[in-house]
Amino acid sequence: MSKSLPYSMKDVQYDNAKFRQRSLTKVITQNLITSNVKRECIKCSTGRFLVLLMIFGVAYLMLTHTSHVPLSDGLSKNIGTEEGKNFFTDKNGRFKRFWRKPPRLPPRLSPDEIVSRKASISKNGKSDPGPDWEARQKRVKESFIHAWSGYRNYSMGYDELMPLSRRGTDTLGGLGATVIDALDTAMIMGVDEVVHEAGSWIEKHLPERINGKGQVNLFETTIRILGGLLSAYHLSGGNNSSTTKGPNPAVYLENAKNLADRLIVAFTSSPTAIPFSDVVLRDRSAHSAPDGLSSTAEASTLQLEFNYLSYLTGDPKYSLESMKVLEHMKNMPKVKGLVPIYINPRSGEFSGENIRLGSRGDSYYEYLIKVWLQDQGRNLTYLHDMYKESMKGVKELLVRKSVPNGLVFVGELPFGHEGAFSPKMDHLVCFLPGTLALGATKGIVKEKAMRENLLNFEDLENLKLAEDLAKTCFEMYSVTSTGLSPEIAYFNVEGHKESGPGGGNKNSKYVDDIIIKPADTHNLLRPETVESFFVLFRITEDPKYREWGWEIFEAFEKYTKVDTGGYTSLDDVTVLPPNRRDKMETFFLGETLKYLYLLFGDRNVIPLDKYVFNTEAHPFPIRDNAVTK
């Protein structure tokens, strides 16, 4: 992989000396002194005489000649006539300079500066202002209302909507996952009716669900339900709220605490620091998955939520139990910071050698940097160190370029670092560009971070990799017939060509780089790509991320929208028309539409240097901005 950095003329100690003008006398004198031919000529008296005669002769001709002399700008003057008498002299009869001053060339602008200047010109009304992003943001809000209306009308209280058959289904334990996942999105968008409907349902029905339901997955319940309740509590003002569109914010915190008191048994009943994967809510009991293993990503993607709950309640038990996981993993053997995707809660050891940043591995790396960002006042520098080490490992072991057109992608090591490399990349891996950018600038705008010398070489390299990977994620959409990404893509690499059909869009430049196999053609309305576009736009201010996001939104509108309400997953994005799957995932409302809305909106809403998003897009305030009980 190329280690070249995104260039910026801001980083160059620019010297304009070569553009400083020199007088004509100095030019002639210098030429006469340095020219060997002229030096020899001046040695003799005849030579001196001829030189003087030539100079006076040229001057005489220029002052007395009356023919038309064309000028470089297309005009002409009758030099020597009344019309042109002032060409060489001023009003006092003194000679003016008739040699044009050499231009002072300005420094070249970098691509970043060109984009910034264009944006500035647009704001001043001196050129085409471009797309109306406020109108586009409104379109996303309308889509959210359409998605919610389908859920409310046909499946209120169920986990998810089946929009084609117009009924609900419980796939996440029966806690009304869509209600809670969508609530903070409605708050951010200002959809008061949905805030009231969702909040009222939570107040009336969630307590009995938490107390009476059976088995739930620790990870999914934490990131969607616990995370959604905590975010709603903060965004509704917490205990400082005087007016709210829904119930008293304390309702959200009380339900979050009740739920966490049952989930925490997954930690306390395990013989090691690694929690069991499943919890029976009504019994307050926990057990491992049928194969006895926990997902590495799932065990290490609980800390933002439990830490914030401890902060709000003043009870440290939630944070202490969850942080034991990361403290334990700190001392475990790794491959250049990379870890296998399974871990055994009974032994506390990793299981197998499969290393990937897709399913079961992804959010381990995401939470290393985010938990550190959430509370930098605590002694958590080991998390930042683990993150930096792991990103070095990603660049060294997993990053490759496709052929023939050089898309940068992240592959897998299914048999460990000594086994064969697999050029397979899940759509889930598209979280990584946003995480890399966040890790590089800590949420600060790149221009400001560079101006204040906050970025080192490694930060700039990671930011460059983030932009390269974001490009690849976008092309995973563009290469298909529908303009929507498959769940998994493969890449042709030097010395190995994958077999299988492409995406169906023969006009794509990358049709020979990306291979989509029949088992991987489905689309689940996932958010990871638009999540990274949101983060990268906030940090780089490059408008292409908005444009790419808009293209994806339009594809969702065209192929996944259901007229009677809701949106549906697709079976095959490579054919037209695509077959529909009859399911609207909770994260479409909780993540995908939220990130699109924020991408098209005011950058001061949920700023990245003051908030950290959990892996389900629920924003928590960074410690100094938190609301206490």
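**Contacts, a helix pair and salt bridges**

Let's start with Q303. Leaving out residues up to four places away in sequence, Q303 touches S322, M323, V325, L326, Y367, V371 and Q374. Contact here means heavy atoms within 4.5 Å. Q303 is in helix α12, residues 303-313. Helices are DSSP runs of H or I with at least four residues, strands are runs of E with at least two, and both are numbered from the N terminus.

A word on the model. It is predicted, so local features need pLDDT of at least 70 and side-chain atom pairs count only at pLDDT 80 or more, while totals for chains, interfaces and linings use all residues. Residues are numbered from 1 along each chain as its sequence is written, and side-chain values use heavy atoms, with hydrogens and water left out.

Back to Q303. Is it buried or exposed? Q303 counts as buried, because its relative accessibility is 0%. The scale is this: buried is under 20% relative accessible area, exposed is over 50%, and partly exposed is in between, with a 1.4 Å probe and protein chains only. A polar atom of the Q303 side chain also lies 2.9 Å from the backbone oxygen of S322.

Next, Y151. This residue lies in helix α5, residues 133-155. Y151 is buried too, at 0% relative accessibility. Which backbone nitrogen does its side chain reach? That of G157, at 3.1 Å. Y151 and L161 are ten residues apart along the chain, and their C-alpha atoms are separated by 5.5 Å. Setting aside neighbours within four places in sequence, the contacts of Y151 include L161, G176, V179 and M584.

Now a helix pair. Two packed helices are described by the angle between their axes and the distance between the axes. Helix α6 (residues 177-189) and helix α7 (residues 192-212) pack at about 145 degrees, with axes 9 Å apart. Axes are lines fitted to C-alpha atoms, for helices over the stretch in contact, and angles run from 0 to 180 degrees between N-to-C directions. Which residues make the contact? From α6 come V179, I180, L183, A186 and M187. From α7 come V194, V195, A198, G199, W201, I202 and L206. Eleven of these residues are nonpolar, one is polar and none is charged. In this count Ala, Val, Leu, Ile, Met, Phe, Trp, Tyr, Cys and Pro are nonpolar, Asp, Glu, Lys and Arg are charged, and the others, Gly among them, are polar.

Last, salt bridges. Side chains of opposite charge can pair when their charged atoms come close. The cut-off: a side-chain nitrogen of Lys or Arg within 4 Å of a carboxyl oxygen of Asp or Glu. How many are there in the whole structure? The search finds 25.

Take E160 and K583, which meet at 3.2 Å, N to O. E160 is in strand β3 (residues 160-162), K583 is in the loop between α20 (544-559) and α21 (586-599), and they are 423 residues apart. E160 is buried at 1% relative accessibility, whereas K583 is partly exposed at 25%.

Then R623 and D375, at 2.5 Å, N to O. R623 lies in the segment after β17 (619-621) and D375 in the loop between α14 (362-374) and α15, so this pair ties together parts that are 248 residues apart in sequence. R623 is partly exposed at 35% relative accessibility, and D375 is buried at 7%. Salt bridges with shared partners also join R152, E193 and E197 into one network.

Terms used
A polar contact is a pair of N or O atoms within 3.5 Å; within protein, one must be able to donate a hydrogen and the other to accept it, and residues adjacent in sequence count only if both atoms are side-chain atoms.
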